[in-house]
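Dear colleague,

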Amino acid sequence: MRIKKLYLKRFGKFTEKTIEASEGVNVIYGFNESGKSTIAFFIKAMMFGLDDGNSRMYEKYLPWDEGNEYGGSMEFEHNGVNYRITRFFYTRSESLKLHNIDTGRELVPAARVLEDIFPALDKKVYFNSYFCHEGTGRPEV
């Protein structure tokens, strides 16, 4: 899987933020409180959803501005196929859509198709594989 583009409509401190990834390894770095962890959590939320029974996490990433659109989209390529996940989190209920960008078709049911695309990937494996805190070398869980 290769993440190609993130679009944070409203998520934590970000509003209308687009991040495009290049080929190879991409590194997100910055000063404390610049939004690195928010971006990492956004990717996790796009892949796995936000509601894991922890209302503190839901509230932590609520948009800072007055907008009511909490979520965004992530474009990625997997096995030569381009996809877009779109999720919005409205008062703890999610909307989820998955599109095959190449054909323009919506794939339903989206949650089941995502499970088929990533059969062995779960939240813990995701964070232990893709994210390390600077200086510690330890994976974030």
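Strand S5 pairs with strand S6 (residues 105–106) in the antiparallel sense over two bridges, and within that pairing His99 stands opposite Glu106. Please keep in mind that this is a predicted model. The two strands S5 and S6 form a hairpin with four residues between them, and Gly104, which lies in the turn, has a positive phi of about 80 degrees. S5 also pairs with S4, again in the antiparallel sense, over eight bridges, and there Arg87 stands opposite Leu96 of S5.

Helix H3 (residues 110–117) has Ala110, Val113, Leu114 and Ile117 as its buried residues. Seen down the axis of H3, these fall within an arc of 100 degrees, so they line one face of the helix. What covers them includes helix H1 (36–48) together with strands S3 (71–78), S4 (81–90) and S5 (93–100).

The largest nonpolar core has 28 residues, of which Phe11, Met74, Phe76, Phe89 and Leu98 touch the most other members. At least two residues of this core come from each of strand S1 (2–11), H1, helix H2 (55–60), S3, S4 and H3, while the largest share, seven residues, is supplied by H1.

With best wishes

Technical notes
Residues are numbered from 1 along each chain as its sequence is written. This is a predicted model: local features need pLDDT of at least 70, side-chain atom pairs count only at pLDDT 80 or more; totals for chains, interfaces and linings use all residues. Side-chain values use heavy atoms; hydrogens and water are left out. Buried means under 20% relative accessible area, exposed over 50%, partly exposed in between (1.4 Å probe, protein chains only). The arc is that of the directions from the helix axis to the C-beta atoms. Contact means heavy atoms within 4.5 Å. Two strands pair if DSSP finds at least two bridges between them. A nonpolar core is a set of buried Ala, Val, Leu, Ile, Met, Phe, Trp, Tyr and Cys residues joined through side-chain atoms within 4.5 Å.
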